[in-house]
Structures are given as structure tokens and as C-alpha cells.
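Here are my notes on this model for your first read. Keep the viewer open as you go.

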Amino acid sequence: MKKIFLLLLISLAVISCGGRSAANLVVAGSTSVQPYVELLAEEFELMFPGSGIDIQGGGSSAGITAAESGAADIGMSSRWLKRTEEDLWSVEIAKDGLAVIVNPNNPVNDLTLEQVRDIYAANITDWSQLGGRQARIHIIAREEGSGTRSAFEEMVMGTGSSALRITPRAIVQNSNGAVRQLVAGDPNSIGFISLGLVDKTVKAVSLEGIEASSENVMNRSYSLFRPFLFVSKSIPPTGLAMEFIEFILSPHGKELMTQEGLIP
């Protein structure tokens, strides 16, 4: 229902502008991909004045659905396409590490994947069980349909019959920025966000002794990373949509993404 509601919002934005967005290009979807694409769109519009790109959030599933329905020219996804979505055209524009974050005042610096899994399944409930202070762990998670959550569930919580569910006691937020803000203000909290969005307000813990860094994602020693995809109903995209994609995949676009902590 939430995905349908988000799609309706995107569709209403299109309808309110006479059947088509006032922008020449509508890009919608993953809130993880969104801030990077906004920066790339600003640069693209400086180079090509009047191009008009409208960037909207809503989550990966909503973006894919918007691309399927034609409500968006390009859908943004921070997860791989499901089998039922593979009829769409897609391109991977970058890779992004997934960082497990805690408050900078938390003395815990390293966790195993099994410990993170047990925290989110509520099998570990106190920081003292992990070598930290005696305090209840406050679990922050993304919402259902989020590409960030889907990636975390697949890579950390497991798949198939052995998979664990994220505890319903988790505090659910609808963006990486909101997760980061809560963790920054709560010394007993834990969350997961895009590696490129980690700043001084939070601390990314090492996993299995491996630092969460772009370099370690590139050499595959750090195991938590996911794709950033563009998807389109058109096979392949044409016009301004393809021009924007080609710009992102150009050396200049790749340099901009690298500066923002992504891995083109």
C-alpha cells in the first residue's frame, strides 16, 4: 500500500503539470541514490541550460514501479532488480558500501556480521554484551521497500529458511539522513546507511576487522555493498534520459561520484 501511495504521489505530480512534469526529465526512486543524482543533475543543468531535471524520492520499489508505469523517465534503485522486474532496461551507475553506524561516543568499534544480525533480530539487546557500556541497544532501521533495507536484509539477515527478521521493535525511518540524525543524537543507537553518507556526526564500525571504506569495497574485502541502478521502460532510453545517463557514466560524472564517496 505504501508503494502504491508513493506511486500515486509521483503520478499526481505529473498529471498536475498537464499530463507531463514541468521538467523535461523525471527521475524518481531510491532515497539512497537521490542526493548523488541531485548533485549530478545540478552539474548537468549547468552544462546544458534549460534541460530541467526533476529528482524525486519515494524508495527503490516506488521508483521501479514509476518507471514501469511511465510516471518517471528513469527509476532509481539501490537494490538488484527482482525477477519480475527484469524486463526493464537497467544500468549500474555506481556501487555503494553499506555502513553500520553508531554514535561517536560509543566505545564499540568493531562487530562481526553475526553480531549485527543478532542485534537486529533482538537476540543481543545490551551494549555490554559487545564490550560496550551497560545500556539497552536502540535499533534504527529503514522502512519496507527501501533499497537500503532490502540490501541489509539480504547481506546481513540472510536469505531462505535460515533468514532472521528485523525486530518489530526497531525504530523505522524513511531515509538514510533520518537514520543518521537519530544515531548522531543517541549514544545507545545503531543504524545502517549508505557509506557515502557517513560523516563526523556518526561512526561506521569495522566489520570482521575490516574498515568500512571505498577502498575496501573496491578490493572486496569489505562485504557490505550494493548497486546503484537506473531503470527505464524504454529499451534503451532515448533523448534527454540517455544524455543524462551518458553524462553520469562519463569521466566527469564518475569523478563527481568518486568525490562524493561512491564507486563508479
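Where is the place of Asn105? Asn105 sits in the loop between E4 and strand E5 (110-111). The points below start with the ground rules and then return to this residue.

1. Ground rules. This is a predicted model, where local features need pLDDT of at least 70, side-chain atom pairs count only at pLDDT 80 or more, and totals for chains, interfaces and linings use all residues. Residues are numbered from 1 along each chain as its sequence is written, and side-chain values use heavy atoms, with hydrogens and water left out. Helices (H or I, at least four residues) and strands (E, at least two) are DSSP runs, numbered from the N terminus.

2. Asn105. Asn105 counts as exposed, at 57% relative accessibility. The cut-offs are these: buried is under 20% relative accessible area, exposed is over 50%, and partly exposed is in between (1.4 Å probe, protein chains only). Asn105 and Lys200 are 95 residues apart in sequence. In space they are 11 Å apart, C-alpha to C-alpha.

3. Gln115. This residue lies in helix H4 (residues 113-120). Gln115 is partly exposed, with a relative accessible area of 25%. Contact means heavy atoms within 4.5 Å. Leaving aside neighbours within four places in sequence, Gln115 is in contact with Asp110, Ile124 and Leu130.

4. In helix H8 (residues 239-248), seven of the ten residues are buried, so H8 is largely enclosed by the rest of the structure. Among them are Leu240, Met242 and Phe244. Helix H3 (residues 60-69) is mostly covered too, with eight of its ten residues buried. Just after H3, Gly70 takes a positive phi of about 90°.

5. The nonpolar core. A nonpolar core is a set of buried Ala, Val, Leu, Ile, Met, Phe, Trp, Tyr and Cys residues joined through side-chain atoms within 4.5 Å. The largest one has 68 residues, of which Tyr120, Ile190, Phe230 and Phe244 touch the most other members. Strand E4 (residues 89-102) gives the most to this core, with nine residues. A second, separate core has six residues, including Ile64 and Val231.

6. Phe44 and Phe48 form an aromatic pair that is tilted, with 4.8 Å centre to centre and 45° between the planes. Rings of Phe, Tyr and Trp (its six-membered ring) pair if their centres lie within 6.5 Å; planes under 30 degrees apart count as stacked, over 60 as edge-to-face and the rest as tilted. Phe44 is buried, at 1% relative accessible area, whereas Phe48 is partly exposed, at 41%. Ring pairs link Phe44, Phe48, Phe230, Phe244 and Phe247 into a cluster.

7. The largest pocket. Its volume is about 160 Å³. On a 1 Å grid over the protein atoms alone, a pocket is an open set of points where a 1.4 Å probe fits, with protein on both sides within 12 Å along at least five of seven lines; lining residues have an atom within 4 Å of a point. The volume is the space filled by probe spheres set on the points. H5 gives the most to the lining of the largest pocket, with four residues. Trp80, Glu154 and Arg226 are among the lining residues.
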